[in-house]
Amino acid sequence: MVRSFFFHLGRYVLFLRQMFRRPEKWSIFGRRIVVEIEKLGVDSLGIVVVISLFVGAVITIQTATNLENPFIPRYSVGTASRESILLEFSSTIVCLILAGKIGSNISSEIGTMRITEQIDALEIMGVNSVGYLVSPKVIAMIVSVPILVIFSMFIGIVGGWMSGGYTGLVPSDDYIHGIQVAFRPYYVTYSLVKSTLFAFVISTVASYWGFYVKGGALEVGRASTKTVVTSSIVILIINLLITQIWLN
Amino acid sequence: MIEAIEVRKQFSGREIIHGVSALFESGKTNLIIGKSGSGKTVLLKTLVGLYGADSGDILYHGRSLKSLSQQQRHSLRQEIGMLFQGSALIDSLTVEENVMFPLDMFTDMSHDERRRRARACLDRVNIQSEAYKLFSSEISGGMQKRVAIARAIALKPRYLFCDEPNSGLDPLTASVIDRLIFDITKEFNITTIINTHDMNSVMSIGEHIIYIDSGNKEWEGSRETILEADVATLKEFLSPLSNALSHKA
């Protein structure tokens, strides 16, 4: 297992090195980035909005029911919900969800190209297949994911405001006051930096597993599973390290 | 002209190709034949450079594949066209875009020039204009093969490799593909190497044939001499054809 870990780590590093080679044509590279932003970023907006809205609502209800104390002001529900959403939910949890949605998509797309010899065809033509297929996806993810995270923060907080008002647990004025109290823009920066790193992890890990698929459709499915498992674990480890280093 | 000199290839310690040497001349259809699992595809992919040979050398008009720099290898790749068993068309691109793809990547031609060249190649392989905007999943297997040939010749290659060009095709379509490859080889004086186990291909376009068995070159000759070959495994391999011919006689 240790040997396998170092084998994959070494091969992953070599894989990344190919990714940073100069593209054959910058115009085609640029077009590919735009296509990938649409496919990986814009197409994920729907699920991010839905999940953020509901999770934001649930966080607010749970926080409100746990802070039912006359000595704790009601607006603190808004403050606590904001912190949960900004610090953890919108960056880490949304990225874990994206690791499932986008990661498996990238892995199966590249894996299918591998088993149908499309990658071999690119190599034969003299195209740097990693540069052509993977680099635009990585750049698209690094651009899109922080934007999705900003959307998630906003929608999550709106979800909390809606649920607080609808259930009567947190009056609207208190909630809006709460989300402004002791606001530290630094937390947003922390979240965005985290999500950028996660975007890199999701796209490169998924591409790696897809790129080295051998066999048939069954292996493509296995590569998708490995993608979700590996990138989720790496995200959680990076999350712990960054939080420890940055916030402690 | 491509020359293989004592080429060996192994996977996980198991040698698949055992020192194969052969000369593949320009303007000829060179066939590598053999049973399934005999090492044909590994040999072809080693010749084309997709697999690195463990020992031996491969010369492309005297240029040794193993001594080429990254840049030289990159340039050489642009002289190579390859037709894969499953066509390997890029499925996110249309028929026309697939053929334009190598031109987009490696030429400074204007968009109109690239499109004209792609359409000329598609026309050469008898693909009608109605199919230009279709994706590879929307066309038949035979058409996919023809589009893949059009893509392979788009950059006017000096070398053409075909891995089982007839697999999965009906005999009529298979013979159309064979004829197309043969004609293109003559027309552009290409060094063409075809991997096949299709007897019709052997007899119709096999100008130069090498027979591979268990990773060894067992016989070399042409379609005119193959039926007289004195190799037991080759005789067995050819037996359906010999039987059919004797039955006809």
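Predicted model: local features only at pLDDT ≥ 70, side-chain atom pairs only at ≥ 80, totals over all residues.
Local features require pLDDT of at least 70 and side-chain atom pairs pLDDT 80 or more, whereas totals for chains, interfaces and linings use all residues. Residues are numbered from 1 along each chain as its sequence is written, chains are lettered from A in the order in which they are written, and side-chain values use heavy atoms, without hydrogens and water.

Chain B contains 8 helices and 10 strands (DSSP runs of H or I, at least four residues, and of E, at least two, numbered from the N terminus). The radius of gyration of chain B is 18 Å, close to the 18 Å given by the globule rule for 249 residues, so chain B is as compact as a globular protein of that length; the radius is taken over C-alpha atoms, and the rule is 2.2 Å times the number of residues to the power 0.38. The C-alpha trace spans about 55 × 50 × 35 Å along its principal axes.

Of the 249 residues in chain B, 53% are buried (under 20% relative accessible area, 1.4 Å probe, protein chains only). Among contacts (heavy atoms within 4.5 Å) with a separation of 6 or more, 65% join residues 24 or more positions apart.

One open sheet of chain B has 4 strands in the order E2-E1-E4-E5, with antiparallel pairing (pairing requires at least two DSSP bridges between two strands). Strands E2 (14–24) and E5 (63–64) of chain B stand at the edges with a single partner strand each, so one side of each lacks a neighbour in the sheet. Strand E4 (residues 55–60) of chain B pairs with E5(B) over 2 bridges, and B:Tyr60 has B:Arg63 in E5(B) as its bridge partner.

Definitions and conventions: Buried < 20%, exposed > 50% of the residue type's maximum accessible area, 1.4 Å probe, protein only.
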